[in-house]
Protein chains: 2
Amino acid sequence: MEEAKGVVKHVFLAKFKEGISSDEIDKLIKGYANLVNLIEPMKAFQWGTDVSIENMHQGFTHIFESTFESTEGIAEYLSHPAHLDFVALLFPALDKVIVFDYKPISYIV
Amino acid sequence: MEEAKGVVKHVFLAKFKEGISSDEIDKLIKGYANLVNLIEPMKAFQWGTDVSIENMHQGFTHIFESTFESTEGIAEYLSHPAHLDFVALLFPALDKVIVFDYKPISYIV
């Protein structure tokens, strides 16, 4: 097993509020993705919706995963004006959130 | 933005019980990683501990991310005897769990 040097994953699990339309959600996802163009330490972004069959997703509807080169990069991202502007749009649309950052240790066959 | 064809990520967020030693946790992580060798549709595995500074991790201590080629592959994994044996060891050590499966849609600069 090996730790990917310096890479930190920023995982954001979200449950959107019932009243938020899919158009609004699409716009917010595009806004999230666009942060990659605005905030230098944010290197990549991927997202998806839950397709699990175990019913252990606790109501969370969306996952967003961003990649950074360091925890310092995440700190820079968190305080960046573009991130703060986006958070002000995103959070009112959310019912609940979990944020989990980690340095992935990989095990690949 | 593009969807990685057929790839499905299986994200497992865990909070270990207070009384579980780091030796026990290490053994369980090795057991989880070893499933890659035992269960054909499980293609990759990575894990890590929370290093976030936002205090929005809701007490979760560990993340485990496995990669599959399809949702059918995850269903096969879930019912595989090696997975069931491992779950019987892992779950008694856990305080809480979230499982979230998704087909990542990537946006990379």
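The accessible surface of chain A in this predicted model amounts to about 5300 Å², and carbon and sulfur atoms contribute 53% of that area. Of the 109 residues of chain A, 50% count as buried; buried denotes a relative accessible area under 20%, exposed over 50%, and partly exposed the range in between (1.4 Å probe, protein chains only). Because the model is predicted, local features need pLDDT of at least 70 and side-chain atom pairs count only at pLDDT 80 or more, whereas totals for chains, interfaces and linings use all residues. Residues are numbered from 1 along each chain as its sequence is written, chains are lettered from A in the order in which they are written, and side-chain values use heavy atoms, with hydrogens and water left out.

Chain A carries 9 positive and 16 negative side chains, and the centres of these two sets lie 1 Å apart. In this count Lys and Arg are positive and Asp and Glu negative, while His and the chain ends are not counted. Each charge is placed at NZ of Lys, CZ of Arg, CG of Asp or CD of Glu.

The secondary structure of chain A comprises 3 helices and 6 strands, arranged from the N terminus in the order β-β-α-β-β-α-α-β-β. Helices (H or I, at least four residues) and strands (E, at least two) are DSSP runs, numbered from the N terminus. The C-alpha trace of chain A spans about 45 × 40 × 15 Å along its principal axes. Among the contacts in chain A with a separation of 6 or more, 77% join residues 24 or more positions apart, a contact being defined by heavy atoms within 4.5 Å.

An unreviewed UniProt entry places the feature "domain: Stress-response A/B barrel" at residues 8-102 of chain A. UniProt positions follow the numbering used here, feature names are shortened, and annotations may be inferred rather than shown by experiment. The span of residues 8-102 is 38% helix and 35% strand, and its end C-alpha atoms lie 6 Å apart.

Chain A can be laid on chain B with an RMSD of 0.0 Å by a turn of 180 degrees and a shift of 0.0 Å along the axis. This is therefore the relation of a two-fold axis. The same surface serves both copies, in that 100% of the contact residues of chain A recur in chain B. The superposition was made by least squares on the C-alpha atoms of residues with pLDDT of at least 70 in both copies.

In chain A, Lys43 belongs to strand E3 (residues 42-49) and is partly exposed, with a relative accessible area of 28%. A:Lys43 and A:Gln58 are separated by 15 residues in sequence and by 29 Å in space, C-alpha to C-alpha.

Most residues other than glycine have a negative phi. A:Asn55, although not a glycine, has a positive phi of about 55 degrees. A:Asn55 lies in the loop between E3 and strand E4 (62-68) of chain A and is exposed at 65% relative accessible area. In chain B, Gln58 likewise has a positive phi, near 55 degrees; B:Gln58 is found in the loop between strand E3 (42-49) and strand E4 (62-68) and is partly exposed, at 44% relative accessibility.

B:Glu40 occupies the loop between helix H1 (22-38) and E3 of chain B and is exposed, at 57% relative accessibility. B:Glu40 and B:His80 are 40 residues apart in sequence and 9.9 Å apart in space, C-alpha to C-alpha.

Conventions
Areas by Shrake-Rupley, 256 points an atom, 1.4 Å probe, with all protein chains shown as cover.
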